[in-house]
Amino acid sequence: RTLRFAAGALADAGSAVAMTGAGVSTASGIPDFRGPDGVWARYDAEDFHISRFEADPAGFWADRLDLVDDLLGEGREPNAAHEALAALEREGVLEGVVTQNVDGLHQAAGSESVVELHGNGEHVVCVDCGARDALDAVRDGDLPPRCPACDGLYKPDVVLFGEQLPEYAWYRAHAMAQNAGAFLVAGSSLSVEPAASLPREAAARGTTLLLVNHERTALSGRAEYDFRADVTEALPALVDAVRDY
Ligand code: OAD
Ligand code: ZN
């Protein structure tokens, strides 16, 4: 079960989809969630629940801006893992990338078909009229930020705890997963629903499942290929192996 076989499985699948988590961005200086230096070791997840936003939008936003400076910060660049996935799409192996990340680094690396399941951290959205704006537009103003068009509250354009996933993103992710002959997951603990149900249900339908992650994941027992490896090494190696196949 070497990378060479995994590359063959991907190339022969006809069409494959990748799903990524925070582990693909740690090498870009963005912490993951559940590791020892993860976001939930430093911040209280309860503070970022939709009910906190509704009860105390100014307090929510003050905490959110702290977290965003920590997580997204200026000058984050895509790494070899993002670049490898973009290369697999260009070469016609991947249909696209479904990501749980909100950092925009897949697009920055050149991936064109990207489904952001948990939204985009660089944007805000008006809860009343749906207008979107850049996060930078609200950074230095009064809290909570409000929509200039209708005075509604601005919310980060990300999925908060207690919220549903954006319907269209979920629909697209499903369609991609449904059509894929192989499903590659990189840098995710697969512990968050409903995202984790995409590869789980694909595996149940008989889709070849490949995992690349430092640690065991919730689907390790179900995967044909379960590489415990660094994504910045394994994914470029996979690209090379696909080219040699
Ligand atoms: P997690 O923090 O749960 O999992 C990241 C996984 O990546 C861990 O298993 C790490 O060991 C692994 N990892 C980190 N760096 C790596 C590297 N360079 N190479 C290989 N593996 C590496 O993050 P997610 O699975 O993305 O949701 O978490 C999913 C969701 O939980 C997030 O989207 C967020 C969070 O609550 C929302 O905010 C809605
Ligand atoms: Zn509005």
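In sequence, the residues that donate to the zinc ion (ligand 2) follow the spacing C-x2-C-x17-C-x2-C. Cys 129 lies in the loop between β4 (119-126) and β5 (132-134), and Cys 147 in the loop between β5 and β6 (154-158), so this pair ties together parts that are 18 residues apart in sequence. Helices (H or I, at least four residues) and strands (E, at least two) are DSSP runs, numbered from the N terminus. The model is predicted: local features need pLDDT of at least 70, side-chain atom pairs count only at pLDDT 80 or more, and totals for chains, interfaces and linings use all residues. Residues are numbered from 1 along each chain as its sequence is written, chains are lettered from A and ligands numbered from 1 in the order in which they are written, and side-chain values use heavy atoms, with hydrogens and water left out.

The protein donors of the zinc ion (ligand 2) are the SG atoms of Cys 126, Cys 129, Cys 147 and Cys 150, at 2.3 to 2.4 Å from the ion. Donors are N, O and S atoms within 2.8 Å of the metal (3.2 Å for Na, K and Ca); water is not among the atoms, so sites may look incomplete. The arrangement is tetrahedral because the 4 donor atoms subtend angles of 97 to 118° around the zinc ion (ligand 2). Four donors count as tetrahedral if all angles lie between 85 and 135 degrees; four count as square planar and six as octahedral if opposite donors are over 155 degrees apart and all others between 65 and 115, and anything else is irregular.

Burial was assigned from relative accessible area: buried means under 20%, exposed over 50%, and partly exposed in between (1.4 Å probe, protein chains only). Cys 129 is partly exposed at 42%, and Cys 150 is partly exposed at 36%. The structure holds 0 disulfides, a disulfide being a pair of cysteine sulfur atoms within 2.5 Å.

Aromatic contacts were examined next. A pair of aromatic rings is described by the distance of the centres and the angle of the planes. Rings of Phe, Tyr and Trp (its six-membered ring) pair if their centres lie within 6.5 Å; planes under 30 degrees apart count as stacked, over 60 as edge-to-face and the rest as tilted. This rule gives 9 aromatic pairs. One of them joins Trp 40 and Phe 48 in a tilted arrangement, 6.4 Å centre to centre with 40° between the planes. The rings of Trp 40 and Phe 161 have centres 5.4 Å apart and planes at 55°, so this pair is tilted. Trp 40 in helix α2 (residues 39-42) and Phe 161 in the loop between β6 and α7 (167-179) are 121 residues apart, and their pair links distant parts of the chain. Trp 40 is partly exposed at 25% relative accessibility, as is Phe 161 at 35%, whereas Phe 48 is buried at 4%. Ring pairs link Phe 33, Trp 40, Tyr 43, Phe 48, Phe 53, Phe 60, Trp 61 and Phe 161 into a cluster.

The charged end of Arg 4 sits over the ring of Phe 5, at 5.7 Å from its centre. A charge sits over a ring if NZ of Lys or CZ of Arg is within 6 Å of the ring centre and within 35 degrees of the ring normal.

Helix α5 (residues 80-90) is mostly covered, with 8 of its 11 residues buried. The buried residues of α5 are Ala 81, His 82, Ala 84, Leu 85, Ala 86, Ala 87, Leu 88 and Glu 89. Their cover includes α1, β1, β2 (94-99), α6 (105-108), β7 (182-186) and α9 (231-244).

Contacts (heavy atoms within 4.5 Å) were also listed for individual residues. Ser 15, in the loop between α1 (3-12) and β1 (16-20), is buried at 16% relative accessibility. Leaving aside neighbours within four places in sequence, Ser 15 is in contact with Val 93, Glu 95, Asn 179, Ala 180, Gly 181 and Ala 182. Thr 99 is placed in strand β2 and is buried at 2% relative accessibility. With neighbours within four places in sequence left aside, the contacts of Thr 99 include Thr 20, His 106 and Val 114. Ala 173, in helix α7, is buried at 1% relative accessibility. Apart from neighbours within four places in sequence, Ala 173 is in contact with Val 98, Val 115, Leu 117 and Leu 198.
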